[in-house]
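Welcome, and please open your viewer for a short tour. We will pick one selection after another and look at what is there.

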Amino acid sequence: GGASQARAARRERRKQRALLLASEQGSSVMFPGLTVAPEVAAALREGRAVVALESTIISHGMPYPQNLETALEVEARVRAGGAVPATIAIIGGRCCVGLSKEQIERIARGGSAVQKVSRRDLPLAVASGADGATTVSATMLLAARAGIRVFVTGGIGGVHRGGESSMDVSADLTELGRTPVAVICAGAKSVLDIPRTLEYLETQGVPVAAFGADELPAFFTRHSGCKAPCRVDTPREAAALFKASLDLRLGCGAVVAVPIPAEHEAAGREVEAAIAEALREAERRGIRGAAVTPFLLERIRSTTGGKSLDANVALVKHNAGVGAAIAAELAALEA
Ligand code: PSU
Ligand code: MN
């Protein structure tokens, strides 16, 4: 009848728009080796909310079994918030968007033996048929290829301290400049140089909003000392901001930084002291490149006796709820 015809017309318009956006913004919709889980594909076809989730946070960001429990709980929170979760990883060389419980477990048990895969590592991971845990940059890229617009994680990479001479600037920041996915996170850790990270994001043309705050949060704490470039107070405002960026065909992503809930911040403050020590240790041992972030996370975890892990788990779960709400609002704006 008329209603189903209208639905079909809307679906067609959505498909055309996705194709247009994809071609204009340099991301093709499908390629060999991209495997989108049926539930995720159906949700995308029907214009329902989908939230991408990364896998380096599982392999390198937390120890087993807390990493597995957290990954599954985060998926459950996304569902409870009215969106379909799509955890992303490389499984046997295939770029998988939407993992089964068994696949999540495989990455969680593999831990740091699983290759950490950022944008530059994707071709090798695919060509070698290996497993790979995708960082924010690789997860954004694969999410965009599949047509996903919203991605939830804990923290993004940034400009490392001393980055002005080491040039250690996370590929997450350039990815944010070139891939249209909104990243819902708790900001960047103070292991990084947050003012320079903001400068770099500005250069890349990336909108950065603090959620319900004037100040940019710094992962374990609600405070970074840096004023956020903009502020949004509701999931709808966050969705509207990103929708405007898509409509403008900017081709870039966005950062929505959600402060850690106040009741978990106490542990977060203690963690700050551990961060300073971890930085000195990394310097002394000459840790470089992709190993820096996993090294710091592990040191901070062991010196705080798990308090950093508790705070990390709490903020990721919180972000999942906020991200699902933003994805739902964006789906409504795009309907
Ligand atoms: N920050 C965290 N936890 C993490 C990461 C960052 O608090 O697990 C991971 C993310 O996958 C992020 C990556 O994309 O580290 C950044 O690594 P690098 O600094 O090497 O770019
Ligand atoms: Mn780096």
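Start by selecting Asn-67, Thr-70, Ala-71, Val-74, Glu-75, Arg-77 and Val-78 in helix H4: these are buried (20 or more other C-beta atoms within 10 Å of their own, with C-beta atoms placed from the backbone). They share one side of H4, because they cover an arc of only 160° around the axis, taken from the directions from the helix axis to the C-beta atoms. Helices here are DSSP runs of H or I with at least four residues, strands are E runs of at least two, and both are numbered from the N terminus.

The model is predicted: local features need pLDDT of at least 70 and side-chain atom pairs 80 or more, while totals for chains, interfaces and linings use all residues. Residues are numbered from 1 along each chain as written, with chains lettered from A and ligands numbered from 1 in the order written.

Next, show what covers those buried residues: strand S2 (50-53), H3, strand S3 (84-91), helix H5 (101-110) and helix H14 (307-334) are included. Contact means C-beta atoms, placed from the backbone, within 7 Å. Then click Gly-82, which follows H4 and has a positive phi, near 90°.

Now move to ligand 1 and select its shell of 19 residues (C-beta atom, placed from the backbone, within 6 Å). Among the closest are Gly-61, Val-136 and Ser-170. Helices H3 (56-59), H9 (171-178) and H13 (292-303) each give two or more residues to this shell.

Finally, zoom out to the whole protein, with its 14 helices and 11 strands. Of its 335 residues, 52% count as buried.

Technical notes. A residue is buried if 20 or more other C-beta atoms lie within 10 Å of its own, exposed if 12 or fewer, and partly exposed in between; C-beta atoms are placed from the backbone. Two residues are in contact if their C-beta atoms, placed from the backbone, lie within 7 Å.
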